There are 2 protein chains.
Amino acid sequence: MALVVQKYGGTSVANCNRIKRVAERVIARKEEGDDVVVVLSAMAGQTNYLIDLALEMQAHPDPRELDVLLSTGEQVTIALFSMAVKEMGQDARSFLGYQVPVETDSAHSKARIQNIPTSKLQEAISKGIIPVVAGFQGVSSTGDITTLGRGGSDTTAVAVAVSLDADVCEIYTDVDGVYTTDPNICPSARKIERISYEEMLEMASLGAKVLEIRSVEFAMRYGMPIHVRSSFTGTPGTMVVKEDELMEDVLVSSVTYSRDEARITIKKVPDRPGIAAMIFNPISDANIIVDMIIQNTRAGDLTDMTFTVPKGDFDQAMSIVEKTAEKIGAESVAGDKNIAKVSIIGVGMRNHAGIASRMFDILARHNVNILMISTSEIKVSCIIDEKYTELAVRALHEGFGLDKK
Amino acid sequence: MALVVQKYGGTSVANCNRIKRVAERVIARKEEGDDVVVVLSAMAGQTNYLIDLALEMQAHPDPRELDVLLSTGEQVTIALFSMAVKEMGQDARSFLGYQVPVETDSAHSKARIQNIPTSKLQEAISKGIIPVVAGFQGVSSTGDITTLGRGGSDTTAVAVAVSLDADVCEIYTDVDGVYTTDPNICPSARKIERISYEEMLEMASLGAKVLEIRSVEFAMRYGMPIHVRSSFTGTPGTMVVKEDELMEDVLVSSVTYSRDEARITIKKVPDRPGIAAMIFNPISDANIIVDMIIQNTRAGDLTDMTFTVPKGDFDQAMSIVEKTAEKIGAESVAGDKNIAKVSIIGVGMRNHAGIASRMFDILARHNVNILMISTSEIKVSCIIDEKYTELAVRALHEGFGLDKK
């Protein structure tokens with residue numbers, strides 16, 4: 001008999017019929033002998049609908065009141081779901097963030113979970129009642145409703161699982177697991193059976209949208225296994241586990257891509273101490289996140305500085321950088337929105353040299369020019385011309401043998 | 001400078017634009033120098049929409065979970081309203097039932113308010129922040145969300161006003177006050193300037209739908225003046241006050257009617273002690289509320305028993321009564337759904353004889369036959385054939401001079 005925390009996302013509870021299907025699944029699991037705690041998101045589309053209402057009232061909605069508003073989405077699903085379970089003859093009980101309680105700091109719209117006392121959940125479990133917890137929401141020390149930010153229900157689920165010392169946290173979604181790459185552009189993509197937290201984190205930050213990053217960080221810190229699987233099929237999905245629990249030692253476990261970045265180059269920057277700070281401080285003051293940075297040495301005391309920013313922040317970043325360039329006496333500023341980032345990820349890189357050069361070689365053989373490179377211990381990312389995205393992903397997927405079991 | 005509690009109903013906050021209009025009103029009042037506490041209902045239609053969702057999940061929705069679900073309606077409006085106030089440059093802060101807290105018993109869907117600690121509301125007021133309280137909802141001693149039943153926001157408003165020792169509780173609605181009778185069937189109906197709690201209570205129980213009964217009882221118990229007025233105009237409405245604060249001594253202040261009852265007669269009942277209990281106990285066991293009861297003595301030891309029940313419970317009551325009639329050896333059971341109740345109400349009746357007979361006389365002069373009569377200290381009700389409803393109301397309204405100032 002295991003203790004399982006199951007989280008169902010917005011598409012799994014998008015309407016009354018789907019909520020009933022999920023209730024059937026949960027009850028079936030409980031009748032197999034497991035204790036189940038359920039964490040739910042709002043019905044698909046509901047959060048966006050509520051945000052639209054808020055924007056009708058206020059150009060920049062008050063963060064405290066926005067959280068009061070948005071938290072109603074999960075409140076509706078947990079109540080309806082509990083009714084469905086009861087109608088099917090099992091007992092369930094809904095828990096709002098403040099009722100668990102899911103204690104957070106008071107950073108509205110991006111609160112962090114600090115503690116989850118479990119006595120009320122455990123009392124319900126011991127009575128055979130299925131606890132149904134509202135994802136995404138918590139309560140601050142002042143009793144105010146907080147929310148955890150987009151995808152926060154994943155984090156709620158993992159945090160509840162950790163607090164209850166559950167055996168596994170199952171995240172149900174509309175795909176049946178984590179894939180070696182995006183099946184939409186690479187038909188030979190395969191479902192991964194087991195992947196490490198570290199790889200999953202890199203995948204999430206490099207463009208794969210299966211799990212919310214904070215939930216993976218949380219699970220990694222406490223060693224909580226996550227099972228990513230489909231709420232529409234019964235097949236096993238992907239287990240996200242500690243690196244030493246991986247079955248086989250693969251060099252590269254996945255290929256990701258992102259078209260969400262843009263590149264800015266400042267040409268002929270006078271190369272003196274403090275120049276980088278002068279360039280990047282105003283950008284970070286505008287809350288724009290810079291990803292890759294490359295500095296080329298030129299002849300004399302001049303250097304070129306190239307970096308990437310999120311595509312949505314490109315125009316603002318360009319106007320900031322143009323002012324800075326004038327102030328520091330750089331020659332010119334160039335921008336390029338038509339780029340993509342392709343990455344290979346794998347914990348096997350730690351122990352094997354030459355993975356990066358093999359990547360460059362594969363891209364070269366397909367005539368894909370590399371514009372920028374960045375590496376970490378377990379990934380290599382290349383910025384390329386956007387039009388080569390699909391080609392590069394397919395070539396790397398095949399080149400590293402990911403199409404073969 | 002006064003402390004005013006203002007309650008706005010569902011049609012006043014039916015959409016974003018109306019919420020903004022209400023925010024403008026509240027701010028205008030605050031800028032005149034008054035302290036304002038706002039109590040809001042859910043957007044019109046929202047509660048029914050949520051009930052429909054619940055009924056899709058469960059034939060008889062779990063009361064605890066239904067309260068979790070329904071309370072989201074007010075949660076949405078208080079958040080949106082607070083945003084609107086902030087956008088207009090004043091400060092506001094939403095308060096859910098558990099945040100005030102509005103402490104209730106744990107009778108889900110019909111909870112009663114037990115206590116409202118005011119320190120948080122007063123702290124907000126003292127800082128110049130407009131508290132915006134969710135109507136209809138409270139919290140039980142176990143931390144569960146409760147709701148107060150239909151129209152419960154009126155009760156929230158009065159209870160908050162009493163707890164804060166406010167100067168007045170203003171109930172904003174889509175009519176501009178309490179009328180001498182229904183203007184839809186009697187064009188000469190006039191708005192009443194002042195009316196007593198007792199009369200308002202009788203009106204509410206006799207079919208007028210302006211205020212929820214419990215809110216009037218609450219206000220009466222604590223002497224909190226209620227001002228019923230329109231949220232769409234600026235004109236004064238109707239003050240509901242203590243009897244000794246009425247300006248003039250009118251005999252009859254209003255005429256009401258209801259088509260919501262039906263009549264059942266059991267003929268030739270053996271008249272022996274305990275027979276009434278045998279008839280009415282099974283009906284009350286079925287949670288059917290009996291209003292008027294009349295017993296006619298016949299020749300010998302036989303009696304006729306006539307009583308009224310809500311029209312919606314008529315079929316069930318008939319089948320219960322038919323079984324009882326057989327058991328006690330009554331001759332037959334007859335039912336009639338085509339009846340109406342017309343009533344006159346006025347605290348002046350206490351000190352004047354002959355009001356009832358004047359009512360019977362007016363109805364007789366218009367050839368309206370009286371089927372049943374019931375009286376209290378401040379009202380007289382007659383059951384008549386339903387088709388005479390409008391005629392009877394107009395005749396009584398004119399006959400008691402209510403059409404003249």
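## Strands S11 and S12 of chain A

In this predicted model, strand S11 (residues 226-230) and strand S12 (residues 238-241) of chain A run antiparallel and are joined by 3 bridges. Strands here are DSSP E runs of at least two residues, and helices are H or I runs of at least four, numbered from the N terminus. Two strands pair if DSSP finds at least two bridges between them. A:His227 stands opposite A:Met239 in S12(A).

## The sheet in chain A

Both strands belong to an open sheet of 8 strands with mixed pairing. The order is S3-S6-S2-S1-S9-S11-S12-S10 (chain A). Strand S3 (92-95) and strand S10 (194-196) of chain A are the edges, each pairing on one side only. From one strand to the next, the twist averages 25°.

Helix H5 (residues 119-126) of chain A packs on this sheet. H5 touches strand S2 (35-40), S3 and strand S6 (130-134) of chain A. Its direction makes about 150° with that of S6(A). Axes are lines fitted to C-alpha atoms, for helices over the stretch in contact, and angles run from 0 to 180 degrees between N-to-C directions.

## The contact between chains A and B

The contact takes 25 residues from chain B and 25 residues from chain A. Residues are in contact if their C-beta atoms, placed from the backbone, lie within 7 Å. On the side of chain B that touches chain A, helix H2 (46-57), helix H3 (63-70) and helix H4 (72-87) of chain B each supply at least two residues. H4(B) gives the most, with 10 residues.

That side of chain B divides into 13 nonpolar, 7 polar and 5 charged residues. Ala, Val, Leu, Ile, Met, Phe, Trp, Tyr, Cys and Pro count as nonpolar, Asp, Glu, Lys and Arg as charged, and the others, Gly among them, as polar.

## Numbering and confidence

Residues are numbered from 1 along each chain as its sequence is written, while chains are lettered from A and ligands numbered from 1 in the order in which they are written. In this predicted model, local features need pLDDT of at least 70, side-chain atom pairs count only at pLDDT 80 or more, and totals for chains, interfaces and linings use all residues.

Technical notes:
Two residues are in contact if their C-beta atoms, placed from the backbone, lie within 7 Å.
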